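Please report on the fold, the surface and selected residues of the model shown here.

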Amino acid sequence: MNNIFETMCIYAPKGHKLKVTEQTFNNGYDLDKELITKYLEINKEYTVNFTNIGQSHTDVILKEFPDIAFNSVNFIDVNPVSKEDINKHPFIKSHPFLIKK
């Protein structure tokens, strides 16, 4: 059985709503789970302040916890991110070959 679950769009804009589910809670590393257990609630909505996209890891900074970097694999989008919003993300703007048409 495959235990891969959908995760958030890493190009989520400021103000986008996310949540941690019982399935996504189990993604990532032990430290990620510890942070979620300490600060977040399962199925509660949180607001993206910004995402910091790295080569193999993306940090999510939430409006509610601006000093804590959470792992993107622990979240799902409440609603899909539009192509227009994806194309406005600073990472996409600095890598124009990634723009979705």
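## Charge pairing and fold

Lys88 is exposed, with a relative accessible area of 53%. Here exposed means over 50% relative accessible area, buried means under 20%, and partly exposed is in between (1.4 Å probe, protein chains only). The model is predicted, so local features need pLDDT of at least 70 and side-chain atom pairs pLDDT 80 or more, while totals for chains, interfaces and linings use all residues. Residues are numbered from 1 along each chain as its sequence is written, and side-chain values use heavy atoms, without hydrogens and water.

Which residue does Lys88 meet in a salt bridge? The partner is Asp85, at 3.9 Å from N to O. A salt bridge requires a side-chain nitrogen of Lys or Arg within 4 Å of a carboxyl oxygen of Asp or Glu. Side chains of opposite charge can pair when their charged atoms come close. Both residues lie in helix H3, which spans residues 83-88. Asp85 and Lys88 are three residues apart, about one turn of the helix. Asp85 is partly exposed, at 27% relative accessibility. The search of the whole structure finds one salt bridge.

The protein has four helices and five strands. From the N terminus, the order is β-α-α-β-β-β-β-α-α. These elements are DSSP runs, numbered from the N terminus: helices are H or I with at least four residues, strands are E with at least two.

## Size and surface

The radius of gyration is 13 Å, which agrees with the value near 13 Å for a compact globule of 101 residues. That radius is taken over C-alpha atoms, and the globule rule is 2.2 Å times the number of residues to the power 0.38. Along the principal axes, the C-alpha atoms fill a box of roughly 35 × 35 × 25 Å. Of the 101 residues, 36% count as buried.

## Contacts along the chain

Contact means heavy atoms within 4.5 Å. Among contacts between residues at least 6 apart in sequence, 60% join residues at least 24 apart. The table lists C-alpha separations for selected pairs.

| Pair | Apart in sequence | C-alpha separation |
|---|---|---|
| Thr7 and Ile76 | 69 residues | 4.7 Å |
| Phe75 and Thr24 | 51 residues | 6.0 Å |
| Thr51 and His89 | 38 residues | 9.0 Å |
| Glu45 and Ser72 | 27 residues | 14 Å |

Phe75 sits in the loop between strand E4 (65-71) and strand E5 (76-77). Is Phe75 buried or exposed? Phe75 is buried, at 0% relative accessibility. Beyond four places in sequence, Phe75 touches residues including Glu6, Thr7, Met8, Leu18, Thr24, Leu40, Val60, Leu62 and Phe70.

Thr7 belongs to the segment before strand E1 (17-19). Thr7 is partly exposed, at 31%. Its contacts outside four places in sequence are Asn27, Ser72, Val73, Phe75, Ile76 and Asp77.

Asn43 lies in the loop between helix H2 (30-39) and strand E2 (45-53). Its phi is near 70 degrees, a positive value in a residue other than glycine. Most residues other than glycine have a negative phi. Asn43 is partly exposed, with a relative accessible area of 45%.

Glu45 is in strand E2. Glu45 is partly exposed, at 43%. Leaving aside residues up to four places away, Glu45 touches Lys17, Leu18, Lys19, Glu64 and Val78.

Thr51 is also in strand E2. Thr51 counts as buried, at 9% relative accessibility. Leaving aside neighbours within four places in sequence, Thr51 contacts Met8, Ile10, Ala12, Thr58, Asp59, Val60 and His89.
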